[in-house]
Amino acid sequence: MKDKIKYIATVVVSASLIFGFTGWFMLKEPTEYSESERRALSLLPDLSFEAVLSGKYMSEFENASPDQFPLRDLFRSIKAYASEYIFNKKDNNKIFVADGHLSKLEYPMKDDMIDYAGEKFSYIYDKYLKNTDAEIYHTVVPDKNCFIAKENGYLAFDYGVFAEKMTEKLPFSEYIDIMPLLSADDYYTTDTHWKQENIVDVAKKLSTSMGASFEDIFRENKLEQPFYGVYYNQSGLKVPTDEMIYLTSDVIDGCTVTNYDTGKAVEKPVYDMSKAEGADLYEIFLSGTVAVSVIENPAAAEKKELVLFRDSFGSSLAPLLISGYSKITVVDIRYIASSVLSGVVDFENADSVLFLYSTVLLNNSVAMK
Amino acid sequence: MLFSSISFLYFFLPAVLLLYAVAPKGLKNTVLLLSGLIFYAWGEPRYVVIMVISILVGYVFGLLIEKFRGSKLSKVFMILSVCVDLGLLVYFKYVDFFIENFNNATGLGIPLLRIALPIGISFYTFQILSYTVDVYRGDVPAQKNPVNLGAYITMFPQLIAGPIVRYSDVEKELRDRKHTLQKTYEGIIRFCVGFGKKILIANALGELCEGFKTTDEKTVAFYWLYAVAFSLHIYFDFSGYSDMAIGLGRIFGFTFMENFNYPYISKSVTEFWRRWHMSLGQWFRDYVYIPMGGNRVSTLKHLRNIFTVWFLTGFWHGADWNFIVWGLYFAVLLTIEKMFLGKYLKKSKVLSRVYVLFLIVISFVIFNAAGMGEAIQYIGGMFGIGANGLFGDLWLYNLSSYALILVIAAVGATPVPKYIVGRLKETKAGDAVISVLSPVFAAVIIVLCTAYLVDGSFNPFLYFRF
């Protein structure tokens, strides 16, 4: 009798789970976008004779079925917790927790990627800057692994060696070392980026190193909504969220921003609050991913122009630099080809050019065009 | 289609179970046949034709062999059947290997055919061969009902990755089998054991191995970690798949043979091969080794038989030289054990196990290499030749990150868990605990494995390529 109960209980539980989720899957509406993963999900393919015969239907179905599975986010969390707490894995899909920070493994140092980035910057220098009076600078933004990884038994490469290798590739440029000004606390705990309110000293060092003035009187403004950084949802772990603070000043308030993302000039504020409604609050800084933005400062004491080649770390830094410049042209060569910059970027009048890229992007520089 | 996929677990399997449950007894094999064809077509729609041809060839030749039993024609039909089946296998699996080596030997440039390998062709070809040969030998009567034979060959639980179920083993169950609550329970538990082995252990170790293969930081320690991890990975991957197959078979009323019996506790390589991929070993024994004379021949012929069987075993696993070398490596080891080493191995349980594990780990490095060049490089690396130092950060990180999984895998590869469960069952309280935990175990494995499937895409199955 006892065995019979065991048999029935096991069969009923297993069948309920399998048939229950099958039914749920079939009845649920397709989910087109995953907020947590910030990506479009694969949809189940349409059934057709040709698609079945070619095998396309089956391969698309295999790809889509995990994406469309009911309670996908919950299952991803279960996996994350199982990986960390049952199997004691140090990372889950390369994301790990250390010192209260979520971070992603970035290892090893890829020399070919450093070479590629160096070639891109050299190309820009040769094509647009060689015959101008602009002073060329570069800095390497350490990702937070530089502060939390090695100490906690995670893989990380040596920042000093990385910056040195990068500098060797740019003989035309002066290196500005910002590493001593940063620590893990200067980064969001759930995101890859640095906190704007913590990098005023970085901005000051960059400005003064480039011969620009710097006004360090800022007002702190806090967004009401919590900031779920990029690693928060990728990790599947429930950790405390960040708060999003952005800095304003009279100078910043008076600035205008013109984005050239679609070929047309689009006016935007320095802090784009429409992005505060989206999934990634970090996009409030200069509207997030934009190919070329021009920040103009009508209150500038003198005409001084900066061209800032940057990745997303530059979005929150650029507003802090504007007090020393009449115009900053912010360029992201992940979204515009280096070969077509002359039409949208004024290099002739640039006083300074700064290449500001994080170790994460430089180590994966294939994204640069 | 893989068992370890959302599409199988939440679409194919429930649909087949429902159809199977409502089908009258006389149509249950038809449901199995059709579901097997759909299961196969899911991965290779074009190659269903090859599958159907193979079934028809087996069916027709089975009948002809039986009809002309006692005459020479019976043998002719058996040979023809073997030739057709092996011909298909050679064409799809080995023709490019032969062309490539012919080109290398002669300097000619005959273009390769680059034919995609039909999934599981090595497995189902051997099943059909066993059927026609068994009919020829008079061990089983020819199957008159093509649906029953088709259901046997296309039976999805063992279609693409074994165990290589012999027709004689399931002949009676194809005609008449019982479905009981106990069998269903046993099938579910066995399926869950295999599911967990595959998804939670094998896939994790597979990630480690993939990470090793793609890094330049190959230190001596990392070579060894890779070799050990891969040895455990292939065991959990393949035996997990076999467990799932056996469990599913049980749910459908069949009793498939065991395919693994804790091979890593073996005290000799000879014993290892009695415990590893048992259905293949027995197939080669019954259809190649013994017909060639086995060990009841002169020493020279006995050696010929051993080397032939192991050459074929290696070649069966893949059309590349490293597989052939892998097979012959075992031929040499087994010969040495038979000649003199065997008696010494019996003297120390510890040393003999260390000896086996060492040689098996080396063998799987050869097995998993992308050709002999890589095999030599990896084995050299394990002994410091061409390695990038002794230790490194990446090795240390992987060792610490996968430490628990490696320990679970190492313990799980021994009979210890089974022993503990067995001892528990002997006591009243323990038995009660197991009764309560059985449905919990099934639920936890299904949920956990579903979570891993939903989250990740790293889910290849090694034996697909065979």
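# Briefing on a predicted two-chain model

Away from its own stretch of sequence, Ile128(B) touches Ser54(B), Gly58(B), Asp85(B) and Ile153(B), with residues up to four places away not counted. The model described here is predicted.

**Ile128(B) and its helix**

- Ile128(B) is part of helix H5 of chain B.

**Helix H11 of chain B**

- This helix covers residues 278-289 of chain B, and its buried residues are Met278(B), Ser279(B), Leu280(B), Trp283(B) and Tyr289(B).

**Asn398(B)**

- Asn398(B) sits in helix H16 of chain B.
- Asn398(B) is buried, because 24 other C-beta atoms lie within 10 Å.
- Leaving out residues up to four places away in sequence, Asn398(B) touches Leu208(B), Gly211(B) and Leu225(B).
- Asn398(B) and Tyr226(B) are 172 residues apart along the chain, while their C-alpha atoms are separated by 9.8 Å.

**Helix H1 of chain B**

- Helix H1 of chain B runs over residues 6-22 and has 17 residues.
- From first to last C-alpha H1(B) reaches 24 Å, close to the 24 Å expected at 1.5 Å a residue.
- At Phe12(B) the helix H1(B) bends by about 30°, and Pro14(B) follows within four residues.
- The residues Ile6(B), Phe8(B), Leu9(B), Tyr10(B), Leu13(B) and Val16(B) of H1(B) are buried.
- Those buried residues of H1(B) pack against elements of both chains: helix H1 (2-27) and helix H3 (56-67) of chain A, and helix H2 (28-43) and helix H19 (428-455) of chain B.

**Where chain B touches chain A**

- In the contact, 39 residues come from chain B and 39 residues from chain A.
- On the side of chain B, at least two residues each are supplied by H1, helix H8 (181-214), helix H16 (393-401), helix H17 (403-412) and H19.
- H19(B) gives the largest share of that side, 14 residues.
- Sorted by class, the side of chain B that touches chain A holds 27 nonpolar, nine polar and three charged residues.

**Chain A as a whole**

- Chain A has 12 helices and 14 strands.
- Along the principal axes, a box of roughly 90 × 50 × 40 Å is filled by the C-alpha atoms of chain A.
- Of the 369 residues in chain A, 42% are buried.
- Among contacts in chain A with a separation of 6 or more, 71% are between residues 24 or more positions apart.

**Helices H8 and H11 of chain A**

- Helix H8 (residues 200-209) and helix H11 (residues 313-321) of chain A have axes that come within 9 Å and cross at roughly 65°.
- The crossing of H8(A) past H11(A) is right-handed.
- H8(A) brings Val200(A), Ala203(A), Leu206(A) and Ser207(A) to the contact, and H11(A) brings Leu317(A), Leu320(A) and Leu321(A).
- Six residues of this contact of H8(A) with H11(A) are nonpolar, one is polar and none is charged.

Definitions and conventions
Residues numbered from 1 in each chain as written. Chains lettered and ligands numbered in written order. Predicted model: local features only at pLDDT ≥ 70, side-chain atom pairs only at ≥ 80, totals over all residues. Buried ≥ 20, exposed ≤ 12 C-beta atoms within 10 Å, placed from the backbone. Contact = placed C-beta atoms within 7 Å. Axes fitted to C-alpha atoms, helices over the stretch in contact; angles between N-to-C directions. Left-handed = near helix turned anticlockwise from the far one by under 90°. Nonpolar A, V, L, I, M, F, W, Y, C, P; charged D, E, K, R; others polar. Expected span 1.5 Å × (residues − 1). Bend = angle between axes of the 7 residues up to and from the residue.
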